[in-house]
Amino acid sequence: MDIRNTTGNIVAWLKRKFGPPAVISMPADGEDIMVVGSEYCGGVPRSLGTGKPVQVMLVREPRNEHDRNAVAVMSGQRRVGYVSASRAEALAPYMDHYRATLWVHGVVKRTSQGRELWVVLPRDILHPHRR
């Protein structure tokens, strides 16, 4: 079955096809990263209150036509943006190795550009060669 032709729950299909993925909760300390592409996903949802801590999921999209390392940022079932290509390049091998979905901490900030979602990513994954 091709995932593009799946009409039911994609998560259930993935579990049947590959077994359950690892779900890893990341610590709240690390490097603050701005989520990109929210404007193409309908903007940052109002349900994510400005200035309040939130938890979102990072999900790999290896078949993304624009970036084979793509990492989507999800709030519930809704895609709210992406990790930048340079950060995704560091995250993708880790997520692929562990077949992991990552729960990360974030916050919505109000800027001159509007509402922006920022997430916290572990430095040791983003910069594995730094000590």
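Predicted model: local features only at pLDDT ≥ 70, side-chain atom pairs only at ≥ 80, totals over all residues.
Visitor: Which residue in the turn of the hairpin formed by strand 4 and strand 5 has a positive phi?

Guide: Two residues lie between strand 4 and strand 5 in this hairpin. A positive phi of about 65 degrees occurs in the turn, at G76.

Visitor: How many residues does strand 6 give to the largest nonpolar core?

Guide: The largest nonpolar core has 23 residues, and L58, V73 and L117 are among those with the most contacts inside it. Elements giving two or more residues to this core include strand 3, helix 2 and strand 7. Strand 6 gives the most, and its share is four residues.

Visitor: What distance separates the end C-alpha atoms of helix 2?

Guide: Helix 2 has 14 residues, and at 1.5 Å a residue the helix should span 20 Å. The distance in the model agrees with this, because the end C-alpha atoms are 20 Å apart.

Visitor: At which residue in helix 2 does a kink lie?

Guide: The buried residues of helix 2 include A88, A92 and M95, and what covers the buried residues includes strand 3, strand 6 and helix 3. A kink of about 35 degrees lies shortly before the proline P93, at L91.

Visitor: Which residue takes a positive phi just after helix 2?

Guide: Helix 2 covers residues 85–98. Just after this helix, a positive phi of about 45 degrees is taken by R99.

Terms used
Residues numbered from 1 in each chain as written. Heavy atoms only, no water. Core = buried A, V, L, I, M, F, W, Y, C linked by side-chain atoms within 4.5 Å. Buried < 20%, exposed > 50% of the residue type's maximum accessible area, 1.4 Å probe, protein only. Pairing = 2+ DSSP bridges. Expected span 1.5 Å × (residues − 1). Bend = angle between axes of the 7 residues up to and from the residue. Contact = heavy atoms within 4.5 Å.
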